[in-house]
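Please read the following account with the sequence and the model side by side.

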Amino acid sequence: MADESTPTPPPEPPTAGAPTPPVGAQQAAPPATGDGAPPAAAERPGAKKRAAKEGAAAADTEKEEKKKKKGPPKKELILVASSSPHVVSDESIPRIMYTVCLALAPAILVAVYCFGLQAVKVLALTSAACLVTEAGLQRLMGRRLTVTDGSALVTGLLLAMTLPPSAPWWICLLGGALAIGVGKQLFGGLAHNPFNPALIARVILLISWPVELTTWMKPGQGFVNLGVDVVTAASPLGLMKEELIQKGSIQVVSQFPLRDGLLGLNQIGSLGETSVIALLLGGLFLLYRGYITWHIPVSYIATVGAVAALFWGIDPGHFAPPLYHLVTGGLFLGALYMATDMVTCPVTNRGMLIFGMGCGILTYFIRTFGAYPEGVSFAIVIMNGAVPLIERWVRPRTYGHNLSAA
Amino acid sequence: MKLSAVLTQGLWKENPTLRMMLGMCPVLAVSTSATNAIGMGVATLAVLVASNFTIALVKDAIPAQVRIPAYILMIASLVTAVDMAMAAWFFELHQTLGLFIPLIVVNCIILGRAEGFAAKNTAFASIVDGLGMGLGFTLSITTLGCCRELLGNGSIFGIPLLGDAFKPMLLMVLPPGAFLMLGLLAATMRRVDMALEARARTVAEGRRQRALDLATGGAPIPMPPGFE
């Protein structure tokens, strides 16, 4: 616990008044009696660190001890019944958020490589809109400004990854404002939002402006023309749906080069629907840092694969093979970065597995039978709404209670 | 209560839609356009005034145990009359509103006012109450309809207001848009109230201060020790 890299500010020196040890069990350490001083000092990392910084460790502690013994026992013993958490780690919201940004970097680089300035434009506009909305609304409501904690930036980047590279400027700006305004601040800010803000914005945009949100540009032309005359094409899932509706069978699937989906350099779709490998790289980094667990991505992706395999096995002429479903669309982006959002996913492992399975089933059914070609955003938002129910269902047994059910 | 207060409480302080959140079904379903909204509002207003009046007239003759079925019967008859009248004179609007006109029977506002006001007050006061509540309902549902139509279709009462460059936000004419807009309107109303309350507090404070100044001639009031 006494870690040198503790980012939390050191607690007040004991002489300043009521000692507030971070650990509730240490309240017995009585500063007034004096004999408990050495252990108390050892348990106070903040005071120690301060002393070390000033380069007069010994003198300082002596002084403190003297003061403790001599000082008038005005506020002799204040028992602080502090609530949990009693153990402070060096994690913080900015650290988590900027790590997520870093994890998104490979996918962002691929997107910029594929779509050039168009991708840069979309990323910059949505992020700027998110940051400005966050700061503006917090100011308006008289709350503390937390715009630098990176959470609005993550929302902006994630939203940009779900948008098509040819999205007009007003879609980007409005999307950012909706994500933070409707998706986050209306509910009370970070950690109070029941739904993923980026996905709420995407769903609102997709329902409101379906044409703008499903016009895709071909990759590899963004660096030359940042304008209107881009060559558009259909996304793989859009093609599949079109063929299903028009011909009742799918041929486009068999012609789809799988390598494109994995590398993503020639993939048509949103910014974040390009390279599975790049997304996986960032996802593994998050997993390594412990900000996500394997439960949701694995259960989500495996469920999509399993359901797709089932339907494909029944009628290969009508349903796309499982690999096609896995490497097209926003499945990996959603499964790795959005379904795993700490605020909006269940907290227990079993809950996360159920959550991922629900997302997977919904994604497949919306893709195959729904009105929209892609179902990842709808599926995750719907399952976000079901999180309270899931958590009720898988609530762990309280230690010492209900022993027979264990 | 004064009659003017009875009339105005439904408009703002006890607005049935945005304050008491009553009768949400037609509010959310019919407010897709300003025209539909005002049609629904006026139909409800007519039923509300008539039902409040009749119920206040017969309130003493109805035993308390069977009052709810009796009220519902009276309301249903009035709604049927309004339904037929709309079919006769406002056929197109009647077609658009469809099922929601007969559903006025089960609108909470109407039974709520019957129980809460008409069953305890005179016939004339009940008419005034029905008028105030009905106007409050009409105004709020029409405001909601205007906002949704403007954003979702670029027009108000079918008149295009925003140019061709405006891409309508389809969500606003779909059910989620109704919830979003309703919440925003209710929040705006509360915000206005908070601002008014704050202003009233400052005014009262100033008045008190002036009265004190007058009484003491501007000199500070000597406080007993310990009261600083």
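**From whole chain to single residues**

Of the 406 residues in chain A, 42% count as buried, where buried means that 20 or more other C-beta atoms lie within 10 Å of the residue's own, exposed means 12 or fewer, and partly exposed means in between, with C-beta atoms placed from the backbone. This is a predicted model, in which local features need pLDDT of at least 70 and side-chain atom pairs count only at pLDDT 80 or more, while totals for chains, interfaces and linings use all residues. Residues are numbered from 1 along each chain as its sequence is written, and chains are lettered from A and ligands numbered from 1 in the order in which they are written.

The secondary structure of chain A consists of 18 helices and two strands, taken as DSSP runs (H or I, at least four residues, for helices; E, at least two, for strands) numbered from the N terminus. Among the contacts in chain A between residues at least 6 apart in sequence, 71% join residues at least 24 apart, a contact being a pair of residues whose C-beta atoms, placed from the backbone, lie within 7 Å.

Where the two chains meet, five residues of chain A and six residues of chain B take part. On the side of chain A that touches chain B, four residues are nonpolar, one is polar and none is charged; here Ala, Val, Leu, Ile, Met, Phe, Trp, Tyr, Cys and Pro count as nonpolar, Asp, Glu, Lys and Arg as charged, and the others, Gly among them, as polar.

Within chain A, the axes of helix α4 (residues 93-115) and helix α5 (residues 117-140) come within 6 Å and cross at roughly 130°. The helices α4(A) and α5(A) are therefore oblique to each other, oblique being what remains once angles under 35 degrees (roughly parallel), over 145 (roughly antiparallel) and 65 to 115 (roughly perpendicular) are set aside. Their contact involves Ile108(A), Ala111(A), Val112(A) and Phe115(A) from α4(A), and Gln118(A), Ala119(A), Val120(A) and Leu123(A) from α5(A).

In chain B, 19 of the 25 residues of α3(B) are buried, so this helix is largely enclosed by the rest of the structure.

Two residues of chain B deserve a look at their backbone. Met21(B), in the loop between α1 (3-9) and α2 (24-30), has a positive phi near 55° although not a glycine, and is partly exposed, with 13 other C-beta atoms within 10 Å. Phe157(B), in the loop between β1 (155-156) and β2 (159-160), has a positive phi of about 55°.

Definitions and conventions: Axes fitted to C-alpha atoms, helices over the stretch in contact; angles between N-to-C directions.
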